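Colleague: Hi, could you walk me through this one? I'd like the overall picture and then a few spots in detail.

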Amino acid sequence: MGFPKFRPHLLAAVALLLGSVEAYGAAAPPRNVLFLIADDLNNLLGCYGDPLAQTPNLDRLAARGVKFERAYCTYPLCGPSRNSFLTGLYPNSDGILTNGQIFRQTIPTHVSLPQVFRQQGYFAARIGKLYHYNVPNSIGTNGHDDPASWELELNPAGVDRLEEQPKITTLTPGQFGATLSWYASPKGDFEHTDGKQAQDAEWVLERCAKRKDRPFFLAVGFFRPHTPYVSPKPYFDQYPVDRMPVVQGVKEDQADIPAPALASAKREQDNMTDDQRRQARQAYYASISFMDANVGRVVDALDRLGLAESTVIVFTSDHGYHMGEHGLWQKMSLFEESARIPLLIVAPGVSKKGAVVPTPVSHLDLYPTFAELCGVKPPGNLQGQSLVPMLKDPSVTGRGWALTQVQRGIAAAGKAGKAGKAGKAAAGSEARKGEFTREGAGADRRFFGYSLRTQRWRFTEWAEGKLGRELYDHDADPKELTNLADKPEHAATVQQLAQQLHAAVKTTFPASGETPAVREGPLWAPVLVAP
């Protein structure tokens with residue numbers, strides 16, 4: 001008996017089936033992660049349209065991936081912001097509303113972003129600042145770190161910390177981190193902390209390139225451009241001081257702004273001369289360019305080692321930063337300059353080169369995005385959205401808004417004489433409600449500002465509107481110079497955005513509806529996985 005004859009279409013079907021089985025069995029290896037974070041960086045970057053910034057490495061990174069045009073932090077302060085994006089929870093849910101704290105004091109069993117990668121087989125390493133540090137004093141230490149998040153921690157310290165502090169110009173003698181301070185160093189790039197961190201990152205990547213059987217999550221937290229603005233002098237030379245702009249019309253701008261919105265101002269900054277303002281801006285730009293050079297060194301190492309096609313690259317900052325807008329410097333405001341952050345994502349095989357996403361997104365979205373891109377199962381209580389749909393199609397709207405909050409005290413509310421007894425009563429009422437205030441000691445003297453950013457509008461309320469409201473139309477007023485909140489013609493818009501903001505705020509709390517309290521005393525003993 002002869003063998004049966006196979007029809008051609010059956011042979012093709014069998015071949016297709018076998019190919020599918022083979023493809024299924026040979027699943028793509030997991031993606032690596034290179035997470036790059038700058039400290040106190042706003043959007044003064046070439047890729048975001050700034051005409052003065054010299055940031056060629058970040059510009060190239062934006063060209064090879066996706067730039068998020070409207071990305072925002074959840075809280076414009078280092079500690080709360082970093083705890084938020086590393087837990088995937090709003091500050092109202094992780095309980096961290098100030099610096100010098102770690103989420104293990106509030107929600108000790110929560111699994112952090114790098115920790116979930118560790119638990120699922122990744123090599124997780126940190127170089128520099130990821131959780132909060134006291135800068136510059138804590139440079140070279142672990143800072144307020146979480147040991148369960150990392151398998152390897154590297155904490156280099158350069159001349160900026162070890163030698164040059166006495167030479168730094170500062171507005172407040174003896175202070176360097178919380179005030180404006182700067183120094184053009186004669187020392188070279190690799191003698192500075194961020195330069196050493198770039199070298200350490202290259203060393204870690206070389207190790208990872210030899211172990212392709214184990215994926216990595218490498219987080220590099222650069223300290224620049226956080227104060228003190230110390231960087232090698234050639235970066236200062238890129239920005240002639242006489243070309244540095246000084247914000248004008250501050251008094252006129254502040255006339256329609258509620259007092260709590262300006263409460264982050266500092267007296268020594270109010271008293272600066274225009275020459276000092278130009279020097280500070282020059283030093284900030286220099287620090288940005290120095291940070292950019294070190295980002296370039298790390299990404300170049302990734303490319304050189306053949307890791308680029310298997311690695312997701314994310315670049316961001318912990319929050320934005322003022323350079324004199326509205327009379328403010330540094331952070332802790334709810335204006336665009338303080339709340340907005342740069343966000344660049346390169347996801348090989350997923351993201352579109354040079355694409356721009358216009359819809360507002362949040363730091364909160366990083367955790368679920370990392371997890372989806374790398375096939376890592378995240379905790380079930382994350383409060384953000386995955387940005388993967390936007391990486392594939394930049395026109396996807398997603399949530400369509402971002403929320404930023406900040407805490408104020410009653411003294412701040414009365415700073416300009418606008419609060420008075422009524423303001424104190426309102427703030428106390430909000431404290432008792434527990435919705436817009438922090439529970440615990442002094443709660444009756446504290447209140448929150450919340451700011452909702454849509455693609456067109458920024459709408460802000462202080463103590464649920466009792467201490468002021470702000471409305472800015474970014475289509476007509478991208479610098480937020482005209483507060484429209486009290487204009488009758490915008491009453492309907494205010495009402496609609498207020499309802500949207502109140503609904504958004506409710507989503508920031510945990511299932512209990514209460515912000516977890518910070519536990520005093522010894523920190524939680526580090527545990528990598530639940531027993």
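Colleague: How many helices and strands are there in the protein chain?
Modeller: The protein chain has 17 helices and 20 strands. Keep in mind that this is a predicted model.

Colleague: Thanks! What share of the residues is buried?
Modeller: Of the 531 residues in the protein chain, 60% are buried. The accessible surface comes to about 21500 Å², and 54% of that belongs to carbon and sulfur atoms.

Colleague: And what about contacts between residues at least 24 apart?
Modeller: They make up 75% of the contacts between residues at least 6 apart in sequence.

Colleague: Okay, on to the sheet. What is the strand order in the open sheet of eight strands?
Modeller: The order runs S5-S4-S8-S1-S10-S14-S2-S15, and the pairing is mixed. S5 and S15 (355-357) are the edge strands, each pairing on one side only. On average, neighbouring strands of this sheet are turned by 15° against each other, direction ignored.

Colleague: Which helices pack on it?
Modeller: H11 is one of them, touching S1, S8 and S10, with its direction at about 170° to that of S1. H13 packs on the sheet as well, where it touches S1, S10 and S14 (343-346), and its direction makes about 160° with that of S1.

Colleague: S1 keeps coming up. How does S1 pair with S10 and with S8?
Modeller: The pairing with S10 (residues 311-317) is parallel and spans seven bridges. With S8 (residues 216-221) the pairing is also parallel, over five bridges. Val 33 is a handy landmark: Val 312 stands opposite in S10, and Phe 217 stands opposite in S8. Further along, Ile 37 has Gly 221 of S8 as its bridge partner.

Colleague: Is S1 enclosed or open, and why?
Modeller: Seven of the seven residues of S1 are buried, so the strand is largely enclosed by the rest of the structure.

Colleague: Which residues of S1 point which way?
Modeller: Asn 32, Leu 34, Leu 36 and Ala 38 point one way, while Val 33, Phe 35 and Ile 37 point the other way, and all of them are buried.

Colleague: Switching to the cores. Which residues of the largest nonpolar core touch the most other members?
Modeller: Leu 36, Leu 180, Leu 205, Leu 218, Met 291 and Phe 315 do, in a core of 60 residues. H11 (residues 274-304) supplies the largest share of this core, 14 residues. There is also a second, separate core of 46 residues, which includes Leu 113, Val 116, Ile 345 and Tyr 367.

Colleague: What does Leu 180 touch?
Modeller: Setting aside residues up to four places away in sequence, Leu 180 touches several residues, among them Leu 171, Tyr 229, Met 272, Ala 280, Tyr 321 and Trp 329.

Colleague: Now H3. Why would you call it largely enclosed?
Modeller: Because 10 of the 10 residues of H3 (residues 78-87) are buried.

Colleague: Where is Tyr 90 placed?
Modeller: Tyr 90 is in the loop between H3 and H4. Its relative accessibility is 3%, so Tyr 90 counts as buried.

Colleague: What is Tyr 90 in contact with?
Modeller: Beyond its neighbours within four places in sequence, the contacts of Tyr 90 include Thr 74, Ser 84, Leu 364, Trp 401 and Thr 508. As for Cys 73, 17 residues apart from Tyr 90 along the chain, the two C-alpha atoms are separated by 9.9 Å.

Colleague: Last one: where does Asp 146 sit?
Modeller: Asp 146 is in the loop between S4 (123-128) and S5 (152-154). At 2% relative accessibility, Asp 146 counts as buried.

Colleague: Which side chain does the side chain of Asp 146 make a polar contact with?
Modeller: That of Arg 104, at 2.8 Å.

Methods. Residues numbered from 1 in each chain as written. Predicted model: local features only at pLDDT ≥ 70, side-chain atom pairs only at ≥ 80, totals over all residues. Heavy atoms only, no water. Buried < 20%, exposed > 50% of the residue type's maximum accessible area, 1.4 Å probe, protein only. Helix = DSSP H or I, 4+ residues; strand = E, 2+ residues; numbered from the N terminus. Contact = heavy atoms within 4.5 Å. Areas by Shrake-Rupley, 256 points an atom, 1.4 Å probe, with all protein chains shown as cover. Core = buried A, V, L, I, M, F, W, Y, C linked by side-chain atoms within 4.5 Å. Pairing = 2+ DSSP bridges. Polar contact = N/O pair within 3.5 Å; in protein donor to acceptor, adjacent residues only side chain to side chain. Axes fitted to C-alpha atoms, helices over the stretch in contact; angles between N-to-C directions.
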